[in-house]
Amino acid sequence: MPRSTAPSRIPVLPLSLALAVLLLLSLAGGVGLGAAGVGWTETLRFLWAGLTGGTVRAQDAALYTIVWEIRLPRVLLGAVVGAGLAAVGVAVQAMVRNALADPFVLGISSGAAVGANAVILLGAFAGLGVWALSVSAFASALAAMALVYAVARSPQGLTPLRLILTGTALAYGFEAVTTVMVFGAARGEAARSAMMWLLGSLGGATWAQVPLATVTVVAGWTWLRWRAEALNALAMGDETAAALGAGPVRLRREVFVVTAAVTGTVVAVSGAIGFVGLMVPHVVRMLVGADHRRVLAVAPLAGAVLLVWADVLSRLLFAPAELPVGVITSAVGVPVFLLLMRRGVYAFGGR
Amino acid sequence: MRLDIEDVTIEAAGSRLVEHIDLTVGSGAFVGLVGPNGSGKSTLLRSLYRALRPAGGVVRLDGDDLHAMDARAAARALAALPQESFAEFDFTVAEVVAMGRLPHRGRTAASDREICTRSMERTGVTHLADRGFPSLSGGEKQRVLIARALAQQPRVLVLDEPTNHLDVAHQLAVLSLVRGSGLTVLAALHDLNLAAAHCDVLYVLDSGRIVASGPPQDVLEPPLLAKVFGVRAHTVRHPETDTVQLLFDLLPPTT
């Protein structure tokens, strides 16, 4: 028997504010911590100089570059990616009506991996220079999205089961292509960076990636937050959604396109960072309940904080070498998740 | 509000699920739709709450074409209890009822809350407000879903097997709750005695077509029940209320 969940829910506004403050502190922490020891006062001074266009002494130029050109864009991108994965995770779970789905269940990340590895391993799109990786990853994510959409479509529109099955099946296909490329590549270092990309890493972050990723994630999140009530209806069932005037067929199509675009963008800049998009929605639901208006207000902030710290760990644990951040999110996420599940507060899908 | 189904035909994957249905529910009337499994009851109801679009014919609400209306405007006029039941997400009862306000978005949160509170009072689920919907019993769930439908402030209510999985007391409670709502109601029902006791008019659906309609005592005649349901029916009078009750046996093999 499912236990009654007389939920002790945390009010959203204080929680969001607390997370926002925590995020700001995490951003500062993420910039201040790293393999190259830069003191906190110096870090803050460099940040201040960067923000206000101030001057830095010549002998500090190297450290300033580390803080402003390497760490800050990386930390910001980490926050944006974490927020995007968390928001998309919430929406995908509602869209396929399955609490175990994550942003990658639609096969989009595996598709993006094909494009990214074509660049890493085969040197494709060399003409695009530093943009080759992101552009190729995003283009193949879109191609994967179109393919999944075309295959999953039925006279009833995109049904949840067809979406999951199609996404999963095509993901295997994309992964096979990637594996063939990795095995075919002669260069060991290339295989290593392909691996890094498959597990997700923020190591390649540059300022150039930040604005586009930020705009996409914020726009996607805004849209999802705006449709949060309709997502509630969709989560209850297509017939319920229809009866409530939410137009489930069209809504699912829109959610698919929005989540695919955000996933494609996020994966293009950071690879497939696992677990954030699965775990954050769950943890947030445990804290604030299932109502998507509340979940979508909190989840992106939680995802951002989580990924910023996961990235800090990935840089520090084996410094100067780096772990793929996806390893950290899994290593931290799995036990936390099991612990929360065992506490039994959360009726897992009512069963 | 009056509901008119005019010559409605619904197709799926090339086959006709229901054909040329004409059905009228007068304002404030409680009309029952009965028929064997697979006769097309749910299909017809789905087209009313716009989960399906008819291939032919028109559904009218007070004369207006339902499928030409804006989806939210339609949901403000007509609420439904579909049969589906997903429990993947742990919404509370209060949250489920609040979903009924979705088609009314743009009003103030305070009036929304008050309407939801009143809907829950009417169906007697106020004490369940903070419970997780998936953890409720079948009867509680059904009452919560009726509260959600009432929160839509509709004028027509469409119910697909509202008494499914409910014990006798809950079956009666749910139907009198609906009856007492004063709304125009069209309900698909399995239990013919329940249908006879609660409905003003019954329509009998068989293989996608209406084969009989009228007041329950006129419609539920043994020859028709034999033909449509394949059962032998006896009518007896209820010793206290004097209403007609049906008793059933399987028809003897014909060959």
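Q: In this predicted model, is A:F256 buried or exposed?
A: The cut-off for a buried residue is a relative accessible area under 20%. A:F256 has a relative accessibility of 0%, and in this predicted model the residue therefore counts as buried.

Q: Which residue forms an aromatic pair with A:F256, and which parts of chain A does the pair tie together?
A: The search of the whole structure finds four aromatic pairs over all chains. One of the pairs is tilted, with 5.7 Å from centre to centre and 40° between the planes, and joins A:F256 to A:Y149. Because A:F256 lies in helix α11 (residues 248–270) and A:Y149 in helix α5 (residues 132–152), the pair ties together parts of chain A that are 107 residues apart in sequence, namely α11 and α5.

Q: How are the planes of A:W68 and A:W207 arranged: stacked, edge-to-face or tilted?
A: Planes under 30 degrees apart count as stacked and those over 60 as edge-to-face, while the rest count as tilted. The ring centres of A:W68 and A:W207 are 5.7 Å apart and their planes stand at 40°, so this pair is tilted.

Q: Where in chain A do A:W68 and A:W207 lie, and how many residues apart in sequence are the parts that they tie together?
A: A:W68 belongs to helix α3 of chain A and is buried, at a relative accessible area of 13%. A:W207, in contrast, is partly exposed at 27%. Since A:W207 lies in the loop between α7 (188–199) and α8 (209–226), the parts tied together are separated in sequence by 139 residues.

Q: Which residues are linked with A:W68 into a cluster by ring pairs?
A: The cluster that ring pairs build around these side chains includes A:W68 and A:W207.

Q: What is the relative orientation of α2(A) and α3(A)?
A: The axes of helix α2 (residues 40–52) and helix α3 (residues 61–95) of chain A come within 10 Å and cross at roughly 70°. Angles of 65 to 115 degrees count as roughly perpendicular, and the two helices are therefore roughly perpendicular.

Q: How do the residues of the contact of α2(A) with α3(A) divide by type?
A: Among the residues that make the contact are A:F46 and A:L47 of α2(A), together with A:Y64 and A:W68 of α3(A). The residues of this contact divide into two polar, one charged and eight nonpolar.

Technical notes: Residues are numbered from 1 along each chain as its sequence is written. Chains are lettered from A and ligands numbered from 1 in the order in which they are written. This is a predicted model: local features need pLDDT of at least 70, side-chain atom pairs count only at pLDDT 80 or more; totals for chains, interfaces and linings use all residues. Side-chain values use heavy atoms; hydrogens and water are left out. Axes are lines fitted to C-alpha atoms, for helices over the stretch in contact, and angles run from 0 to 180 degrees between N-to-C directions. Helices (H or I, at least four residues) and strands (E, at least two) are DSSP runs, numbered from the N terminus. Angles under 35 degrees count as roughly parallel, over 145 as roughly antiparallel, 65 to 115 as roughly perpendicular and the rest as oblique. Contact means heavy atoms within 4.5 Å. Ala, Val, Leu, Ile, Met, Phe, Trp, Tyr, Cys and Pro count as nonpolar, Asp, Glu, Lys and Arg as charged, and the others, Gly among them, as polar. Rings of Phe, Tyr and Trp (its six-membered ring) pair if their centres lie within 6.5 Å; planes under 30 degrees apart count as stacked, over 60 as edge-to-face and the rest as tilted. Buried means under 20% relative accessible area, exposed over 50%, partly exposed in between (1.4 Å probe, protein chains only).
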